[in-house]
Amino acid sequence: MPSLVIPYPTFDPVLVHLGPFAIRWYALAYIFGILLGWGYARILIKSDKLWGGRAPLTVIDFDDFVVWVTLGIILGGRIGYVLFYNLPHFASHPLEIVQLWNGGMSFHGGFTGCVVAVVLFGYKRGIPVLSLGDLTCAVGPIGLFLGRLANFINGELWGRAADPSLPWAMIFPTGGDIPRHPSQLYEAGMEGILLFTVLAVMIRLGALKRPGLILGSFILIYGLTRIIGEHFREPDPQLGFLWGGLTMGMLLSIPMLLVGLILIVLAVRRGAPAPIEAIR
């Protein structure tokens, strides 16, 4: 092992065994991501100053929405992984589709599931869809951060080969004897900490007063950071590099740049709506 390469701090992906059941770090990442995001959303909803008046939804509304968005994340994430990353395998082994404990979730699928949940719940409750989307995206980086940390703990989705002189290059248990980028930590920093910070600052500056602005910014910035992160991440072995050396993650993120930009422009042009208290 080159002297500058950091040994991977091997973790047990299972936190604790309870008889035949196992509590895994990856499952906890989803659970705590949802719980922490739920708590942060409640704080945002209660701040009239951030919305320029009363928020367009209540805390109770969001409490009910959590069930919808959780289903959207899980179902969308799994369906997205099946369709985008390993369709031939699952077509031959359809019973494995429901075996979530074996891993295999797609952010782009999970995000699509969230969009469906936002639209359906918004129309059902009479809540502005863009504002509900803003709130959902404001808390989303929390789950992304924890999810990438769980990827690192599991020793999965490791990075491409790195120069052995890179001080933080690591040799992962399932990645051979090649020093690699700890790309999971890169993504945790960009998709989690950086994205959360940018959106939080925008919210403090009044972004929630312009419906769709946080939603568009989340989509645009995530797309950019995911594309950057994919340059350090080893492609999925069953897919490898695709057209022009692009990865599936890049291809799915490129349309996000255009969609995010369009939503931002429309939000800025639309301006802030009148405060709810002023509507009679």
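Author: Rings of Phe, Tyr and Trp (for Trp, the six-membered ring) are paired if their centres lie within 6.5 Å; a pair is stacked when the planes are under 30 degrees apart, edge-to-face when they are over 60, and tilted otherwise. By that criterion, Phe-62, Phe-65, Trp-68 and Phe-121 are linked by ring pairs into a cluster.

The model is predicted, so local features need pLDDT of at least 70 and side-chain atom pairs count only at pLDDT 80 or more, whereas totals for chains, interfaces and linings use all residues. Residues are numbered from 1 along each chain as its sequence is written, and side-chain values use heavy atoms, with hydrogens and water left out.

The structure holds 13 aromatic pairs. One of them joins Tyr-81 and Phe-90: the ring centres are 6.0 Å apart and the planes stand at 75°, so the pair is edge-to-face. Both Tyr-81 and Phe-90 are buried, where buried means under 20% relative accessible area, exposed over 50% and partly exposed in between, with a 1.4 Å probe and protein chains only.

The pair of Phe-111 and Phe-218 has ring centres 5.8 Å apart and planes at 15°, so it is stacked. Because Phe-111 belongs to helix α5 and Phe-218 to helix α8, this pair ties together parts that are 107 residues apart in sequence. Helices (H or I, at least four residues) and strands (E, at least two) are DSSP runs numbered from the N terminus. Phe-111 and Phe-218 are each buried.

Ile-97, in the loop between α4 (87-92) and α5 (107-125), is in contact with Arg-78, Val-82 and Phe-90 once its neighbours within four places in sequence are left aside; contact means heavy atoms within 4.5 Å. Ile-97 counts as partly exposed because its relative accessibility is 31%. The C-alpha atoms of Ile-97 and Leu-166, which are 69 residues apart along the chain, are separated by 39 Å.

Helix α8, which supplies Phe-218, is mostly covered, with 16 of its 18 residues buried. The expected span of a helix is 1.5 Å times one less than its number of residues. For the 18 residues of α8 this gives 26 Å, and the end C-alpha atoms are 26 Å apart, which agrees. Thr-225 is found in α8 (residues 213-230) and counts as buried because its relative accessibility is 4%. A polar atom of the Thr-225 side chain lies 3.0 Å from the backbone oxygen of Tyr-222. Beyond its neighbours within four places in sequence, Thr-225 is in contact with Met-190, Glu-191 and Leu-194.

In general, an α-helix has 3.6 residues a turn, so residues three or four places apart point the same way.

Two further local features concern the backbone. Leu-157, in the loop between α6 (129-154) and β4 (170-171), has a phi near 55°, a positive value in a residue other than glycine. Its relative accessible area is 29%, so Leu-157 is partly exposed. Strands β2 (residues 14-18) and β3 (residues 21-24) pair in the antiparallel sense over four bridges; two strands pair if DSSP finds at least two bridges between them. Val-14 has Arg-24 in β3 as its bridge partner. The two strands form a hairpin with two residues between them, and Gly-19 in the turn has a positive phi of about 65°.

The C-alpha atoms fill a box of roughly 70 × 45 × 35 Å along the principal axes. Of the 280 residues, 46% count as buried. Among contacts between residues at least 6 apart in sequence, 70% join residues at least 24 apart.

Note on methods
Polar contact = N/O pair within 3.5 Å; in protein donor to acceptor, adjacent residues only side chain to side chain.
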